[in-house]
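Me: I would like to go through this structure and ask what lies behind the words used for it. Please set each value against its cut-off before you conclude.

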Amino acid sequence: MELDLLVIGSGPGGQRAAIQAAKLGKRVAVAERRNRLGGVSIHTGTIPSKTLRQATLEQLATRPLDVLDPTRVEETEQEAIEQLLDRAAAVVAAETAITREQFRRNRVGLLQGAATFVDANTVQIEGSDEPVRAQRIVIAVGTRPARPSTVEFDDRTIIDSDGLLKLAQRVPRTMTVVGAGVIGVEYASMFGALGTKVTVVDQRDRVLTFLDSEIGEAFQYLLRRRNVTFRLREKVEAVDALEGRGARLKLGSGKEIVSETVLYATGRQGDTEKLGLAKAGLKADKRGRITVDEAYRTEVEHIFAVGDCAGGAGLAATAMEQGRIAALTAFERPITQLPQLIPTGVYAIPELAMVGRTEEELTDRAVPYVCGIARWSELARGVISGDREGMLKLLVSVEDRSILGVHVLGTSATDLVHIGQAVMASGANGLDFLVTAVFNYPTFAESYKVAALDADNRIKGMAAFDKSL
Ligand SMILES: Cc1cc2nc3c(=O)[nH]c(=O)nc-3n(C[C@H](O)[C@H](O)[C@H](O)COP(=O)(O)OP(=O)(O)OC[C@H]3O[C@@H](n4cnc5c(N)ncnc54)[C@H](O)[C@@H]3O)c2cc1C
Ligand SMILES: NC(=O)c1ccc[n+]([C@@H]2O[C@H](COP(=O)([O-])OP(=O)(O)OC[C@H]3O[C@@H](n4cnc5c(N)ncnc54)[C@H](O)[C@@H]3O)[C@@H](O)[C@H]2O)c1
């Protein structure tokens with residue numbers, strides 16, 4: 001088979017690379033080693049975890065009173081987890097079907113089987129007799145959970161985020177989450193909200209270290225109120241399964257934690273070992289990542305790598321755009337590089353999102369700024385929705401009134417952040433746009449106006465003080 005482009009991997013990076021090349025009229029195929037399309041994003045990562053979260057929130061809002069009946073607790077819990085997993089399975093199936101249909105419409109071929117390089121232009125697909133030759137190749141093989149070699153995972157008691165989706169028995173009473181990164185925190189908050197006593201262990205002294213520290217502290221406080229305990233600056237020394245009764249974690253400080261389930265979320269490893277990269281003149285680093293330039297080109301001119309296996313942000317959102325950029329570059333079309341301003345969304349309970357700088361970064365860079373804050377407790381939409389915990393914080397330049405950072409905690413945070421992203425991208429004077437804009441009322445979006453007025457008042461207050469001197 002002769003192709004203009006072969007894409008290896010059908011996750012978000014591979015999908016977008018393939019469809020972009022097909023839109024240019026190229027002969028394209030995607031190789032996928034699993035018998036399902038969509039990658040980690042659709043099957044074990046983004047989509048199932050976000051569906052479980054949504055279903056959890058709905059279940060909590062409509063939990064029947066008979067759950068308090070002691071004779072029905074086990075049964076009700078079993079039903080509850082089955083409903084959550086069924087909902088995730090239904091959404092996964094729908095998303096897979098959408099991906100398959102998009103490939104069909106765009107005439108993207110599908111080659112099922114693991115791909116390995118024969119040489120820099122030839123790839124063998126497992127189970128096929130005929131090798132595939134392609135003028136250009138995009139590697140989009142993603143990652144898998146990093147499993148420390150000393151830990152015995154059994155997909156039942158000691159699990160990673162893939163194993164969590166097989167937790168079919170019931171919501172565990174106790175859970176230890178190792179790793180307070182995005183995956184650890186999203187699942188810890190979800191199980192905490194469901195009533196599990198969760199302990200989060202991390203070697204760092206803060207959760208989600210990229211957050212603005214005020215928002216991070218508020219978030220940790222809210223999680224503590226929802227059954228989550230933090231053991232920070234702690235290293236895991238050993239994990240022992242206790243026959244049918246959970247597992248015991250031994251920490252470097254000498255503490256021991258016993259829980260029904262241990263969830264490991266300590267990062268991910270590029271899935272590149274079995275690709276035969278050396279045959280194509282390529283190599284990966286010790287985390288399985290392939291080095292690329294700003295257009296996702298590897299050291300070999302016609303081979304590109306995108307998404308999680310090329311390092312970077314580790315997001316479905318960025319993987320998609322990287323795939324598109326790689327395909328445009330491969331066929332000598334003009335590109336716009338990945339923007340600097342990329343939002344982060346954490347789908348915990350409560351939700352978090354940010355774009356731009358934190359207070360700590362601005363302080364380190366000696367950039368003069370003021371904060372403007374809006375609290376959901378004073379926002380009509382917050383009162384109506386019953387979310388009185390949320391807040392939006394704007395960081396505003398005192399020099400040119402541009403918005404330097406946006407930090408949101410609470411309902412709709414992951415959507416709301418994009419208003420800030422758009423205002424920031426439009427450059428200077430963002431504050432004046434927000435101060436004078438009229439937003440629908442009552443909405444969470446109104447928080448931008450409230451926070452902008454707060455920041456404006458602070459800047460005016462400073463100016464009035466200077467004049468009075
Ligand atoms: C629990 C969890 C929650 C997440 N939540 C979010 C979120 O809310 N928002 C967000 O933006 N991101 C989220 N992510 C991250 C997101 O899922 C990834 O960034 C994204 O899936 C990366 O896409 P990708 O195209 O690089 O590869 P992947 O989605 O990892 O897909 C790679 C594909 O390549 C295939 N493959 C591998 N080797 C071969 C081979 N040799 N031959 C053929 N096929 C091969 C694999 O089977 C797989 O299908 C989450 C991740 C996890 C684990
Ligand atoms: N909402 C989202 O966008 C979203 C959601 C989930 C996952 N993701 C992506 O998935 C990827 C993986 O996430 P992750 O949370 O597994 O990794 P991560 O690297 O973000 O976090 C891992 C955490 O584990 C800690 N850790 C590592 N080894 C440890 C040990 N031995 N003992 C104690 N703590 C230890 C680290 O200090 C770190 O805080 C990330 O790229 C993330 O962006 C994104």
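Reply: We can begin with L208, which has 21 C-beta neighbours inside 10 Å. The cut-off for buried is 20 or more, so L208 counts as buried. Keep in mind that the model is predicted.

Me: Where is L208, and what is its phi?

Reply: L208 sits in the loop between β10 (197-202) and α7 (213-224). Its phi is positive, about 40 degrees, although L208 is not a glycine. That deserves a remark because most residues other than glycine have a negative phi.

Me: Why is R233 called partly exposed?

Reply: R233 has 14 C-beta neighbours inside 10 Å. Buried needs 20 or more and exposed needs 12 or fewer. The count of 14 falls in between, so R233 is partly exposed. R233 also has a positive phi, near 55 degrees, and is not a glycine. It is found in the loop between β11 (228-232) and β12 (236-242).

Me: How do you know whether T196 is buried or exposed?

Reply: T196 has 21 other C-beta atoms within 10 Å. Since 20 or more is enough, T196 is buried. Its place is in the loop between α6 and β10.

Me: What makes V171 a contact of T196?

Reply: A contact requires C-beta atoms within 7 Å, and V171 is listed among the contacts of T196.

Me: What makes a group of residues a nonpolar core?

Reply: The members must be buried, come from a set list of residue types, and be joined through C-beta atoms within 7 Å. The largest nonpolar core here has 77 residues, and V177, Y187, V200, L263, L352 and L394 touch the most other members. Helix α6 (residues 182-194) gives the largest share of this core, 9 residues. Apart from it lies another core of 49 residues, among them L111, L282, I290 and A305. In soluble globular proteins, nonpolar side chains tend to be buried together.

Me: Which residues is Y187 in contact with, leaving aside its neighbours within four places in sequence?

Reply: They are L164, V177, L263 and A265.

Me: Why is α8 called mostly covered?

Reply: Of the 15 residues in α8, 11 are buried.

Me: How do you know that the length of α8 is close to what is expected?

Reply: The expected span is 1.5 Å times one less than the number of residues. For the 15 residues of α8 (residues 316-330), that gives 21 Å, and the helix reaches 21 Å from its first C-alpha to its last. E332 follows α8 and has a positive phi, near 55 degrees.

Me: Which peptide bonds are cis, and with what omega?

Reply: The bond from I349 to P350 is cis, with omega near 5 degrees. The bond from Y441 to P442 is also cis, with omega near -5 degrees. P350 is in the loop between β18 (344-346) and β19 (352-356), while P442 is in the loop between α12 (430-436) and α13 (446-468). These bonds are pointed out because most peptide bonds are trans.

Me: What makes a residue part of the shell around ligand 2?

Reply: Its C-beta atom must lie within 6 Å of the ligand. For ligand 2, 23 residues surround it, and the closest are G179, G181, I183, T266 and G314. The shell divides into 10 nonpolar, 8 polar and 5 charged residues. Its largest share, 4 residues, comes from α6.

Me: How many residues surround ligand 1, and which are the closest?

Reply: Ligand 1 is surrounded by 38 residues, and the closest are G9, G11, G39, G142 and G307. By class, this shell has 16 nonpolar, 15 polar and 7 charged residues.

Conventions. Residues numbered from 1 in each chain as written. Chains lettered and ligands numbered in written order. Predicted model: local features only at pLDDT ≥ 70, side-chain atom pairs only at ≥ 80, totals over all residues. Helix = DSSP H or I, 4+ residues; strand = E, 2+ residues; numbered from the N terminus. Contact = placed C-beta atoms within 7 Å. Nonpolar A, V, L, I, M, F, W, Y, C, P; charged D, E, K, R; others polar.
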